[in-house]
Amino acid sequence: MDNKLILMIPGPTPVPEQALLALAKHPIGHRSSEFTPIMGEVFQNLKWIHQTQNDVLVLASSGTGAMEAGIINFLSPGDRVLVGSNGKFGERWGEVCQAYGLNADIITAEWGKPLDTEQFREKLEADKEKQIKAVIVTHSETSTGVLNDLETINRHVKAHGEALIMVDAVTSLGAVNLPIDEWGIDVVASGSQKGYMIPPGLAFVSVSAKAWEAYKTAKLPKYYLDLGKYRKDAAKNSFPFTPPVNLIVALQATLQMMQKEGLENIFARHQRLKNATREAVKALSLPLFAPDSAASPAITAVAPVQVDSEQIRKVLKKKYDIAMAGGQDHLKGKIFRIGHLGFVSDRDILTAIASLESALL
Ligand code: PLP
């Protein structure tokens, strides 16, 4: 029964009724007098959720489009960049850098372990000529459920040189504290189908003044993802291209919900759901893939040792209409992932855990 599906994957996440109703409305013109004030409010509230006064631009793409926009708008072919890679999405940063001819120095860690912040410090300290143009990190590594220590990595970046810091916050924005202005994060990419609680289709990029300086000399070709165009039009609460207007009206609704809840409460809720999930998994004697000290508040990866994780997922789906995510790449069949990001409630977690227990019998 489709209408009862409990979506506990790390995106798309469940969508609240306020947003579903907005999606059901007739579209309005994106240059109309009705749309402009909506967009004004959305831009304002995006700055609020990003904890920044920087530009927060909206793209009609998935999260990867925001990552790619970060690379092509602020860097040039041959630029040396440091990339953290401890999962599928860190790898993706490396692939995007390679696609555009950057000279990427990849700092790896085993999947399931956090990035070693000392390795960033050492590389940055050794870069006496200040050749490193950007340090690129995945905050919440969705493929493993690891939260990387962005605050410390960023501190090392700030202490050594002028590199930009670019962050994939696709499953951390709106789930975990990421004070962009306080920390001075230059470029942050995220996507609508995660903490924003609306369906896939929009991506967000926040851009600092320092990144805009780099934009002036960046030499990679761009057109649709040229953020300069988006910035110019955002000043008029508008877009260079036709945006998915209904998604934006839905986003207006979920940002209002988030404002009502408050940042601290949003972070506390994700923390509570994470703790509840991890404690329950421990009580079921299943091993957790990421350590407590680096656990993402958005997603918990479970590593069943004696059971096939794909089998567990099949039972959960068939018997209980609960969707959990499998492992990616070499982790397929070895782990499964429980999403507790966005519009997921305490009741969803309780139901999921009870169903998991029953599936294990
Ligand atoms: N980065 C992270 C951490 C993600 O979790 C995802 C998607 O799950 C992406 C990037 C890619 O986003 P998209 O699939 O929306 O392009």
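Trainee: What should I know before I start?
Mentor: Residues are numbered from 1 along each chain as its sequence is written. The model is predicted, so local features need pLDDT of at least 70 and side-chain atom pairs count only at pLDDT 80 or more, while totals for chains, interfaces and linings use all residues.

Trainee: Which residues does UniProt list for the domain "Aminotransferase class V"?
Mentor: UniProt positions are given in the numbering used here, feature names are shortened, and annotations may be inferred rather than shown by experiment. The unreviewed entry lists residues 28-328 for this domain.

Trainee: How much of residues 28-328 is helix, and how much strand?
Mentor: Helices (H or I, at least four residues) and strands (E, at least two) are DSSP runs, numbered from the N terminus. Over residues 28-328 the chain has 44% helix and 17% strand. The end C-alpha atoms of that stretch lie 39 Å apart.

Trainee: What is the strand order in the sheet of seven strands?
Mentor: Two strands pair if DSSP finds at least two bridges between them. Here the order is E2-E10-E9-E8-E5-E3-E4, in an open sheet with mixed pairing. Strands E2 (55-59) and E4 (103-108) are the edges, and each pairs on one side only. Direction ignored, neighbouring strands are turned by 20° against each other on average.

Trainee: How many bridges join E2 to E10?
Mentor: Five, and the two strands run antiparallel; E10 covers residues 203-207.

Trainee: Which strands does helix H2 lie across?
Mentor: Two conventions come first. Residues are in contact if their C-beta atoms, placed from the backbone, lie within 7 Å. Axes are lines fitted to C-alpha atoms, for helices over the stretch in contact, and angles run from 0 to 180 degrees between N-to-C directions. H2 (residues 35-50) lies across E2, E9 (187-191) and E10, at about 115° to E2. Helix H9 (residues 227-234) lies across E2 and E10, at about 110° to E2.

Trainee: What is the order in the sheet of four strands?
Mentor: This open sheet reads E1-E12-E13-E11, with mixed pairing. Its edge strands are E1 (6-8) and E11 (299-302), each pairing on one side only. The twist averages 30° from one strand to the next. E1 and E12 (residues 322-326) are parallel over three bridges. Met8 stands opposite Met324 in E12.

Trainee: Which helices should I look at around this sheet?
Mentor: H12 (residues 309-320) lies across E12 and E13 (336-339), at about 160° to E12. H13 (residues 346-360) packs on the sheet and touches E1, E12 and E13, with its direction at about 85° to that of E1.

Trainee: At what angle do H12 and H13 pack?
Mentor: At about 115°, with their axes 10 Å apart. Ile312, Val315, Leu316 and Tyr320 in H12 meet Ser355, Leu356 and Ala359 in H13.

Trainee: Which residues are around the ligand?
Mentor: A residue counts as near a molecule if its C-beta atom, placed from the backbone, lies within 6 Å of it. Among those around the ligand are Pro10, Gly11, Ser62, Gly63, Thr64, Phe89 and Asp168.

Methods
Two residues are in contact if their C-beta atoms, placed from the backbone, lie within 7 Å.
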